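Good morning. Please keep the picture in view while I talk.

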Amino acid sequence: MVPLYFPKCVVSFALFAQAVGALDTFIAAVYEHAVILPNKTETPVSAEEALLLMSKNIDVLEKAIKLAAEQGAHIIVTPEDGIYGWVFTRETIYPYLEDIPDPEVNWIPCRDPKRFGYTPVQERLSCLAKDNSIYVVANIGDKKPCNATDPQCPLDGRYQYNTNVVFDSEGRLTARYHKYNLFEPEIQFDFPKDSELVTFDTPFGRFGIFTCFDIFSYDPAVVTVKDFQVDSVLYPAAWYNTLPLLSAVPFHSAWARAMGVNLLAANTHNTTMHMTGSGIYSPEAVGVYHYDMETDSGQLLLSELKSRPRQSTPAAEVDWSAYARSIKPFSSEQADFPGMLYFDEFSFTKLSGSTGNVTVCQKDLCCYLTYKMSEKRMDEAYVLGAFDGLHTVEGQYYLQICTLLKCQTTNLRTCGEPVGSAFTKFEEFSLSGTFGTNYVFPQLVLSGSQLALERYYEVSRDGRLRSRGGVPLPVLVMALYGRMFEKDPPRLGQGPRKLQRNPFTGDCQD
């Protein structure tokens, strides 16, 4: 059995009031779950064996749900693939699937478990929500029959969907969401025909929901926030950290800040696959987060959030290219050089002194950095990088990125490789770029993969990520991560280039 470990330090507030007034605030919980995985097999197990494995995982989740409820949580999010794992083909996932009805049927599985056939997982999740008076968010598999009258019907006569479900505090099925942007290795599931924009209202705000790789998309991620005015997003994930720019905690916290919403992000925990990084994020600050590559334990996080952050703290409009387009490129004696970062060819230029003004350009994007180090160390190398292009491996999506990052060694060929620690300290910095998009997500990660506290940096309205407070910071990576959605294909997960992966290794979880 995977141990359940809940250190007190992760709770980001001192006392939870039993009554939250008019619910101007609420207590959110997420659980990073070390999933108990099935044995690898190329043939389906029996329904009984599948239920046994799922029950073991729900046993662990039950402890987290009960503890969260005891500490006053109104809602808890659990991870993508958290009930059965990801080691599947289309055939071997089938015994783990249930028929999940449309929430409009007004169903409480805990009270009427046989209404829609054999649904033991939904029944148990419903009872956990009802018995603990807490909203429960989980990720399971949905199956829907089809036939030859549907030209898109798979040969086996059914659709299989990666699905999030929400049960309210009475155990009622409140929301169902089929993941729209499947990550390429998810061969066990089908793409939904259309994007589903799922929202629901609670006494503590309006919620939207989507899954893992969806966060890169305009539809449903941006549309759910922009067009449906949600206050908080529920976000189960099975996120494979790809350093330096695609680590879960920095990316998710940046997304919440840029979009002006709360984000409740629950990741799976599997250090072998570099899966960790859960958090509760608001537009104003990181409530609490967890990143642990050392242990195999799950982790419960709780934080108090504003129910309607859009009303209390309207997001300031940022013109992400205003400053960069107002200045001329800095002159430099350093020659640019190419470097690979997650299969994308960046243009890099080296930071040569302890202070400087640096420019690097690629296509329509020019990145500008002004900086001051406490000292220029000879055993560490930093570069400023720019990328303006279509990412084409394991999905397609168009990026514009400006990044300051530490190279793995002083050999510039290692720039873009994962790095865990830094000793060079930056006293001042200002990073900007000539972005062609308003969707830019700022990140600042320090030595040990720690997020920089908000009081040490700011985003100006003219599009600069800059230091404040004068505290020297050991920077691992600083980035302005831009998305040009208008240049994306219809679905992010359907790209032309594929990596050859064994479907049983799970290597490519996003």
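This is a predicted model: local features need pLDDT of at least 70, side-chain atom pairs count only at pLDDT 80 or more; totals for chains, interfaces and linings use all residues.

Start with Cys212, which has a relative accessibility of 0% and therefore counts as buried, the cut-off being under 20%.

Cys212 has a partner in contact that is worth a look, namely Tyr235. Where is Tyr235 found? It is in strand S9, which covers residues 232–237. Is Tyr235 buried or exposed? Tyr235 is buried, because its relative accessible area is 0%.

What does Tyr235 touch, if we leave out residues up to four places away in sequence? Besides Cys212, the list includes Phe210, Thr211, Phe213 and Ile215. Val77 and His252 are on the list too, and so are Leu263, Leu264, Ala265 and Ala266. There is also a distance to note: the C-alpha atoms of Tyr235 and Asn139 are 9.9 Å apart in space, while the two residues are 96 apart in sequence.

Now to the nonpolar cores. The largest one has 72 residues. Which of its members touch the most other members? They are Phe216, Leu234, Trp239, Trp255 and Tyr481. Helix H4, residues 248–259, gives the largest share of this core, with seven residues. Apart from this core lies another, of 38 residues, and among them are Ile58, Ile65, Ala73 and Ile134.

Rolling a probe the size of a water molecule over the atoms shows where empty space is left. How many cavities of 30 Å³ or more are counted? The count is four. The largest cavity holds about 180 Å³ of space. It is lined by 18 residues, and the closest to its centre are Ser253, Ala254, Arg257, Glu454 and Tyr457. Two elements give two or more residues to that lining: H4 and strand S21, residues 440–446. The largest share, four residues, comes from H4.

Next, the disulfides. The structure holds five of them. If you number the bonded cysteines in sequence order, the pairing reads 1-2, 3-4, 5-6, 7-8, 9-10.

One joins Cys146 and Cys153, with the sulfur atoms 2.1 Å apart. The torsion about that S-S bond is about 75°, so this disulfide is right-handed. Both Cys146 and Cys153 are buried.

Another joins Cys407 to Cys415, at 2.0 Å from S to S. Its torsion is about 85°, so the Cys407 and Cys415 disulfide is right-handed. Cys407 is buried, and Cys415 is buried as well.

The next one is formed by Cys361 and Cys366, whose sulfur atoms are 2.0 Å apart. With a torsion of about 110° about the S-S bond, this disulfide is right-handed. Here the two cysteines fall into separate classes. Cys361 is partly exposed, because its relative accessible area is 31%. Cys366 counts as buried, because its relative accessibility is 15%.

For a residue at the other end of the scale, take Pro151. It lies in the loop between strand S4, residues 135–145, and strand S5, residues 158–167. Is Pro151 buried or exposed? Pro151 is exposed, because its relative accessible area is 79%, and the cut-off for exposed is over 50%. Pro151 and Pro192 are 41 residues apart along the chain, and their C-alpha atoms are separated by 14 Å.

Last, the confidence values. The chain has a mean pLDDT of 91, and 92% of its residues reach 70 or more. Among the elements, strand S3, residues 75–77, has the highest mean pLDDT, at 99. Strand S1, residues 4–5, has the lowest, at 42. Where does the pLDDT stay under 50? One such stretch is residues 1–21, for which the model has 46 contacts beyond four places in sequence. Over residues 495–510 the pLDDT is also below 50, and that stretch has 45 contacts in the model beyond near neighbours in sequence.

That is the end of my part. Thank you.

Notes:
Residues are numbered from 1 along each chain as its sequence is written. Side-chain values use heavy atoms; hydrogens and water are left out. A nonpolar core is a set of buried Ala, Val, Leu, Ile, Met, Phe, Trp, Tyr and Cys residues joined through side-chain atoms within 4.5 Å. Buried means under 20% relative accessible area, exposed over 50%, partly exposed in between (1.4 Å probe, protein chains only). pLDDT is the predictor's confidence in each residue, from 0 to 100. Contact means heavy atoms within 4.5 Å. A disulfide is a pair of cysteine sulfur atoms within 2.5 Å. On a 1 Å grid over the protein atoms alone, a cavity is a set of points where a 1.4 Å probe fits but cannot get out, and a pocket is an open set with protein on both sides within 12 Å along at least five of seven lines; lining residues have an atom within 4 Å of a point. Grid points are joined across faces, edges and corners, and a volume is the space filled by probe spheres set on the points.
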